[in-house]
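Colleague: Before we discuss this model, could you put the sequence and the structure side by side, and then take my questions one at a time?

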Amino acid sequence: MNFHKTLKLIFISFLCFYLSKCSYDFSDDYYVDIKIPSINDSEITILNFNNDEVINDETTLEYIFKGMPNQITLKSEVFLDNEKIYSDFKISKGSFTLFPSRYNDGKHIIKITHTFTSGSGSLSDQIQKEILTKTQEFSFEVKRNPSTPPSITDVIVENGSITVKWDQINGVDYDNAFLNLKFKYKEIQIPLSKLELESKKYIDKTTVLFEANSNSAYFDSYSQVTYSIGYSNQYTKLHGSSRTLKCDPNWVNVQLSYVNNDSYKLVWKKHPLYNNFEKFDIYHGTENFKASSLGGEYIINLPYAIGKKYYCVIKPIKENSSFVALSIWDLELDPNTFGLFDYNHLYSLGIVYNPINYNYYSLIAENKTDKGFTYYIYEYSGSMEFIRKKRILEDSYADSYYFTKKTFNINTINNNLHVETSNGTYEIDYVNLNIINSFVGEIYDNKRYILRGNILYTFNISNYSIEVKNILTNTLIHSQKINLPSNTFPLSGGTLSNDGKYVFIPDYVSSNGSIYKINGGSLIKISEIKASRIHFYDHLAIYQNNGTVTVLDIETNITTSFDFGVEPKIDFDLQSQKVLVQQNGYNAIFDLNTNQLKTFFSESTKHASIPFSYNDIDYIFHLLNNRLIHTKGIYFDNY
């Protein structure tokens with residue numbers, strides 16, 4: 001076996017040596033010149049496309065690749081603004097689609113990257129390892145948006161309409177121009193001509209702004225409007241900067257105006273947008289009428305109830321606009337026919353008039369404390385302008401059930417003020433509003449006190465006794481128990497006149513009462529009347545019995561009477577010599593000079609059962625210096 005291997009090796013060595021001594025020349029036909037591959041010999045072309053052309057609509061473009069005959073496409077990709085997009089390439093042609101509605105306005109770059117074999121014929125080319133990449137860029141422009149519309153610079157209400165102004169026009173690349181009005185639930189577009197645009201102003205003579213009550217559905221449908229200039233073309237709309245005009249609640253103002261005792265009227269002012277609509281629709285009670293947007297008035301032939309809350313329902317009448325009505329629940333009072341002053345928010349315990357300085361004083365319980373209430377005196381001028389207020393004292397409220405005396409009075413001799421509480425009686429200097437005289441009992445002693453000068457009147461609630469005393473001389477003038485049937489309760493504990501001259505003591509057995517004059521250390525009976533409660537006003541005593549109100553002149557013993565309801569609230573004005581009576585919204589003023597009775601209506605008098613409760617304002621009248629004052633802050637002179 002080894003011998004044969006050795007022989008074979010000798011033969012191969014010989015052959016190689018022999019051949020190395022020979023030579024052979026190839027013919028020229030056997031040489032092939034392989035060209036170096038280059039991308040310059042290839043080109044990408046987008047068909048039917050020009051660089052930088054404007055493309056605004058969806059467009060499918062085709063492109064072709066031209067290269068050497070032996071070059072084979074391996075991959076073709078399309079990029080838009082460096083982001084790959086879908087493309088399709090088959091054999092020598094590809095395609096892709098542009099969607100301009102998705103692109104911003106401006107210039108965009110298409111980049112096509114084509115990968116292919118070199119086509120050189122080399123072994124590497126034949127096995128597709130010799131690869132070239134051709135990249136070409138193209139550009140186009142998207143111009144779908146119109147020019148930028150001008151900005152709104154001003155929206156003003158003038159001459160009964162709305163004037164809208166805007167900036168200079170920056171471009172005219174648009175198909176249509178319009179003024180856009182945007183409300184909460186709808187928009188309106190008003191076409192604008194080129195001349196109107198260039199005028200930079202438009203007068204809106206159709207819009208009416210109006211806002212209903214917030215608890216109504218669609219109450220703010222027309223509460224505001226936003227203006228803007230708009231440009232549009234076949235592709236889109238653009239709006240310039242806008243401005244908003246809001247409804248002012250004061251644009252709709254309906255007032256109640258006093259005419260006389262038998263009628264009143266509704267008065268409304270000119271609406272700022274009076275040129276944009278002609279009339280309102282107004283409902284008031286059973287009345288329904290059309291009201292001019294230029295302002296006007298409407299007579300209601302019914303008595304005005306003083307202090308009552310009146311309301312109306314109002315809405316503009318406008319074609320193609322459905323307004324929700326506005327309900328005005330408390331009509332404003334016309335200050336030209338009503339005297340008005342700031343008083344309604346206070347808890348009033350009385351008002352008095354001082355003929356010395358012509359001012360008015362009111363006793364106010366302003367807040368509740370551990371001791372009862374904090375009492376303030378408010379001072380007003382003759383024109384009911386607030387002058388000052390001063391804290392007077394703290395004490396609990398004096399229930400008028402035990403007294404025919406009011407809580408707050410004026411002394412007809414020195415014009416000082418008097419305040420009665422559940423625990424004391426106080427005299428207050430009207431100049432500085434300081435307490436200058438007082439009598440305060442023990443806490444919870446069940447007594448009520450009236451002090452006028454040196455005379456102190458005491459009513460003991462526990463045993464129904466009364467006592468009249470001169471505290472300066474410490475002289476007991478009179479004392480007694482009120483004559484009262486068994487198992488009954490007195491309606492009143494009697495009273496002392498504001499000048500300290502007279503005393504009234506009721507007798508519940510005889511259903512009468514007696515008026516006494518204080519004469520030094522004793523009482524002199526002046527008159528006996530058929531009443532258990534009276535009111536002293538200087539030398540007059542006023543009382544009522546079974547619906548008849550009687551005014552007794554104590555000095556002359558002359559009486560004047562008139563009929564009215566049972567148990568009315570009685571007040572008297574010393575200056576005008578008139579009696580005011582009130583009962584559940586029906587009221588009257590009786591003039592002692594003419595013996596004439598004038599009746600009038602008001603809201604039902606409301607007395608708070610518990611001070612500072614939900615209805616803690618006592619709505620009542622006072623007749624002072626021939627001025628009828630209602631504690632809602634309303635007054636009438638010479639009523």
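Colleague: How many bridges join β2 to strand β9, and do the two run parallel or antiparallel?

Modeller: This is a predicted model, and what follows should be read as such. Strand β9 spans residues 131–142, and Val 54 stands opposite Glu 141 in β9. Between β2 and β9 the strands run parallel, and the number of bridges that join them is two.

Colleague: Is Leu 74 buried, partly exposed or exposed, and which residues form a nonpolar patch with it on the surface?

Modeller: Leu 74 is placed in strand β4, which covers residues 73–80. Its relative accessibility is 36%, and because this falls between the 20% and 50% limits, Leu 74 counts as partly exposed. The nonpolar surface patch to which Leu 74 belongs has about 240 Å² of accessible area together, and the other residues that form it are Ile 72 and Ile 131.

Colleague: Which residues touch the most other members of the largest nonpolar core, and which strand gives its largest share?

Modeller: This core has 60 residues, and those that touch the most other members are Leu 179, Tyr 227 and Tyr 304. Leaving aside neighbours within four places in sequence, Leu 179 is in contact with residues including Ile 152, Val 164, Tyr 227 and Ile 229. The largest share of the core is four residues, and it comes from strand β15 (residues 224–232).

Colleague: Is Lys 368 buried or exposed, and how many Å apart in space are Lys 368 and Gln 582?

Modeller: Lys 368 lies in strand β28, which runs over residues 359–369. With a relative accessible area of 56%, which is over the 50% limit, Lys 368 is therefore exposed. Lys 368 and Gln 582 are 214 residues apart in sequence, and their C-alpha to C-alpha separation in space is 28 Å.

Notes:
Residues are numbered from 1 along each chain as its sequence is written. This is a predicted model: local features need pLDDT of at least 70, side-chain atom pairs count only at pLDDT 80 or more; totals for chains, interfaces and linings use all residues. Side-chain values use heavy atoms; hydrogens and water are left out. Buried means under 20% relative accessible area, exposed over 50%, partly exposed in between (1.4 Å probe, protein chains only). Patches are made of residues with over 30% relative accessible area and no salt bridge: like charges are joined within 9 Å, nonpolar side chains (Val, Leu, Ile, Met, Phe, Trp, Tyr) within 5 Å. Accessible areas come from the Shrake-Rupley method with a 1.4 Å probe; for residues, only the protein chains shown count as cover. A salt bridge is a side-chain nitrogen of Lys or Arg within 4 Å of a carboxyl oxygen of Asp or Glu. Two strands pair if DSSP finds at least two bridges between them. A nonpolar core is a set of buried Ala, Val, Leu, Ile, Met, Phe, Trp, Tyr and Cys residues joined through side-chain atoms within 4.5 Å. Contact means heavy atoms within 4.5 Å.
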